[in-house]
Amino acid sequence: MKIGVLTKQVPSADSPLKLDGGGKWIGEENVTFAINESDAYALEEALRIKEETGDGEVVVASLGPQRVQRGIREGLSKGADRGIHIEESLPYTSDPFLTATLFANTLRNESFDLILSGLQSDDLGLGQVGVLLGEMLSMSTATLVMETGISDSTIRVKRELEGGWFQWTTLKLPASISIQSGINTPRYPSLKGIMGAKKKEIRSIARNEVDDGGATLQTLRKVYIPQKVKRTEMIEGEADQVVAKLIDIFKRDIKVL
Amino acid sequence: MTFSLLEKTVLAIIIIGALGSFFYEVVRRLRIVARGTGTLPLDRIPQRLIRTVKEVLFHRRVIGGRFWPGLMHGLVFWGFIVFGVVTLDHFATGFGTPLLSENQHHLYSIVVLPFSVLVIIGIGFLAYRRFILKPHTLGKISLTSGIVAIFIFLLMVTYIYGEMSPPLLIAKVNWWLHALLVLAFLVLIPKSKHLHLVFAPFNIFLRPFDTPDHDAVKIDLEAPEEELDAMLEGLTHLSKNQTLDVFSCVECGRCTDACPAHRGGGILNPKHHFMLDLRQPLLDGGSTAVLDQINIEAGWECTACQACTFACPVGNQVEKSDEIRRLQVLVEGAVPQEYQKLFMNLQETGNTEGAFHSPLAERLPKFTPDKEYVLWLGCFARYELDPNFTKSVENYARILDSGGVSYGILEEEWCSGDPANRLGEKMTFQMLMEHNMEQLSQVKKVTSMCPHCIVNLSKEYGKFTDIHYRVEHHTQVIASLIDQNRIDVSSKAQGAITYHDPCNMARTMGEVEAPRRTLRTLAPDFFELEEHGTNTLCCGAGGGLWWKKEGTGRTHLVRAEQIVNSGAETVVTGCNFCYGMFNQGLDPLTPEGRETVKVKDLADLVAENLA
Ligand code: SF4
Ligand code: SF4
């Protein structure tokens, strides 16, 4: 079984975020980066599938500037076999179609049986790359996967639907599936893993050497920090009226009912 | 009494058989001990001898920990010593060469007879406790213990009877019975917990002076792979001291009784998990590579408080959470998620919280070489893990100012490494240590309010390199400022006020006096909690457990409960973690209508009473 895992490096949750000068991204000073949470679960799932089937290869692929190699290295110390780094100069690529195209054209020749990715990235949260990539490489696709069962030519997955519903479905391999956080318990790089990772290969490809199909479907115009406003409204009147008004606010403004 | 040649031959054969069995079993265990890592320490011999006399001959810990059972054990023990000569003489008589003349024998029996009665009382009480009262702590009823109790009883009875000049034939039977009992005892001892008779004195003599006494794990990522493999393999081995501990354990359960995790309803039972679970694997495999047998879940529950080690009457260093955790982290890579986050923070930002900015550190003066002390904040204070504690830090700063002490903080202070160290992430610990050692390279004195930092900056770093600076806890600095009249404090009634000893100060650093000197000056009527000084009970935050997700156990509430029940209005402590735990724990435990106990750091109390 040959498994590819897409991992993205994102600013870690506690990093203080400030906008950069151009207003199109965040300033990276004082920001620490971590592997996107659900990607860490995807990697763990890949390692478990490899251990369960007893053979195969897990390849970590990442897109981003030089710093993402640290994330790839972390994956290698946890047990992945090699890494692929599409190196770009920009700190981010915001168009999921472009990202998927870059991955597709880089990974096509790898002929993965399975590609796992996190459900969505913690920074942009678009949640599309896994499915797009699957389509581009003519794989079966599934999203929001909470459990997997692998066999020779198929993978059975449990998907999270809305309202507490689940769906079990079986996909033919090759397949690209996106993994929900919490599906397993990610491991920690052992000392031996860290030592071993030093000898593992990371293949680096410059982004402009990859055919991107020329198409950018989305451009990011502006990022901004959500405005926090304090609003106090006094509701007056009889108890009945107040309650009716409150329910109305809960339904319409706060949307909790 | 005379013995025929046949009798003498039989006696000799049985003696040789019993001694053979005894030595075979003892040597078998000693050979396993010899395979342990490290060496048995033989430094400071006079101190070791004094300790051995106190703890073995005078039973200081045996009686100190549990008065009545300890005293009764003492009766049996002292009886045994007195009986040594009697027993040798008994067998010598069997070969027709008694050691004592008739007269000497009679004179000595005047001493021995009362002792034999005391031994009967002692063993009677102990048997009553074990088989009738059956305290939970002793565990399952053991057959050998029953047999041993009966043997000891019969030994005494046969001795007393023999002294009453019975008719010759009966005297002969009685003599043989006594002899056979002694020899049977010899066979039984090494195969049971009664081996402590032989090992405990040596174990107490050889006990390391530092508690805890975990080996430093030195990681060199540049070393060749075989070296690393050997180092990792070594992590599964008990040291010689630890192996001797396992064979010396008398299964009394005092360690478990003292254990906050156990008392809080956790699964951790140090007697089993850190001692007895290792005994059979040692004997079966003959190798000391048994640390992977420790229950992992139990290992994560430990607060590393060292109460177990201090409670052990045979001198065992009981706690082994360090050993099992480092195996889990470094070898298995199996780390609870909350700790993975913590480790990542430490690696990325050098602090436990993943923080980039400390408003408190910005307000405090910076260290320059002309200043006397580095004020070491530690992550708890620096990143305000309990925002109330910030005022305690400022209070300490005020005290230092008032005493004319110059101090400053290090801007590049990183976590001392305590949580990484105690949770088994030795590589991150080493990384933090190396950074901090560089920051401290020109420093002569460090003072900190965090006992966890104190232990690491001094003892733990000291395992890697020579430390050239002195580390003083704020309770020590304050006490000496008062002693030298450098600060002016007034004494006044403080209401019902008590002191909670942080484990790291009391047990690891051995400091219980300094805070009390200050308390006696400020609040002469302060009272002691039942478990205080080196007997203190952990607040629940030690061993990295501050960052643990809430589990099922109530480890973090046991001490808080004691404080609520003590009737104190104020509890003073000397550790930011204890402070934080009580601030969270006391209020929900306080019965309705009663005021919540106030939590203060010693610095708060002193600052409030600065003249
Ligand atoms: S160190 Fe403390 S928590 Fe750990 S086993 Fe010993 S008594 Fe229990
Ligand atoms: S380790 Fe010490 S305290 Fe614990 S059961 Fe054994 S002898 Fe008793």
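This text walks through a predicted model of two chains and two ligands, from confidence to local detail.

The complex receives an ipTM of 0.84 and a pTM of 0.91. Chain A has a mean pLDDT of 92, and 100% of its residues reach 70 or more. For chain B the mean pLDDT is 95, again with 100% of residues at 70 or more.

Next comes the interface. The size of an interface is often given as the accessible area lost when the parts come together. Here chain A and chain B bury about 1900 Å² between them. Of that area, 57% is on carbon and sulfur atoms. Which residues of chain A lose the most area to chain B? They are Tyr188(A), Leu191(A) and Met195(A). Together these residues account for 39% of what the chain A side buries. As for the residues in contact, chain A contributes 21 and chain B contributes 30.

Now turn to the ligands. Ligand 1 is surrounded by 13 residues. The closest are Cys259(B), Cys302(B), Cys305(B), Gln306(B) and Cys308(B). Two helices of chain B, α13 (270-285) and α15 (307-311), each supply at least two residues of this shell. By class, the shell holds ten nonpolar residues, two polar and one charged.

Ligand 2 has 14 residues around it. Those that come nearest are Cys249(B), Cys252(B), Gly253(B), Cys255(B) and Cys312(B). The elements giving two or more residues to this shell are α11 (254-258) and α13 of chain B. Helix α13(B) is also among the elements that supply the shell around ligand 1. The shell around ligand 2 divides into nine nonpolar, two polar and three charged residues.

Follow α13(B) to the helix it packs against. The axes of α10(B) (residues 240-248) and α13(B) come within 9 Å and cross at roughly 100 degrees. Angles of 65 to 115 degrees count as roughly perpendicular. The two helices, α10(B) and α13(B), are therefore roughly perpendicular to each other. From α10(B), the contact uses Thr243(B), Asp245(B), Val246(B) and Phe247(B). From α13(B), it uses Met275(B), Leu278(B), Arg279(B), Leu282(B) and Leu283(B). By class, this contact of α10(B) with α13(B) has six nonpolar, one polar and two charged residues.

Helix α10(B) has another partner, α1(B) (residues 5-34). Their axes come within 8 Å and cross at roughly 150 degrees. That makes α1(B) roughly antiparallel to α10(B). Arg29(B), Ile32(B), Val33(B) and Ala34(B) in α1(B) form one side of the contact. Lys240(B), Thr243(B), Leu244(B) and Phe247(B) in α10(B) form the other. The contact of α1(B) with α10(B) has five nonpolar residues, one polar and two charged. Thr243(B) and Phe247(B) touch α1(B), and Thr243(B) and Phe247(B) also take part in the contact with α13(B).

Elsewhere in chain B, look at Leu126(B). This residue is found in helix α5 (residues 102-133). What does Leu126(B) contact, leaving aside its neighbours within four places in sequence? The contacts are Pro69(B), Met72(B), His73(B) and Val76(B). Thr555(B) is 429 residues from Leu126(B) along the chain, and their C-alpha atoms are separated by 31 Å.

Finish with the backbone. A cis peptide bond runs from Leu173(A) to Pro174(A), with omega near -5 degrees. Pro174(A) sits in the loop between β9 (166-172) and β10 (175-179) of chain A. Chain B also has a cis peptide bond, joining Thr211(B) and Pro212(B), with omega about -5 degrees. Pro212(B) sits in the loop between α8 (196-206) and α9 (225-234) of chain B. One more spot deserves a look. Ser111(A) is not a glycine, yet its phi is positive, near 45 degrees. Ser111(A) lies in the loop between α3 (96-107) and β6 of chain A.

Notes
Residues numbered from 1 in each chain as written. Chains lettered and ligands numbered in written order. Predicted model: local features only at pLDDT ≥ 70, side-chain atom pairs only at ≥ 80, totals over all residues. Heavy atoms only, no water. Near = heavy atom within 4 Å. Helix = DSSP H or I, 4+ residues; strand = E, 2+ residues; numbered from the N terminus. Nonpolar A, V, L, I, M, F, W, Y, C, P; charged D, E, K, R; others polar. pLDDT = per-residue confidence, 0-100. Axes fitted to C-alpha atoms, helices over the stretch in contact; angles between N-to-C directions. Parallel < 35°, antiparallel > 145°, perpendicular 65-115°, else oblique. Contact = heavy atoms within 4.5 Å. Buried area = accessible area lost by both parts, 1.4 Å probe.
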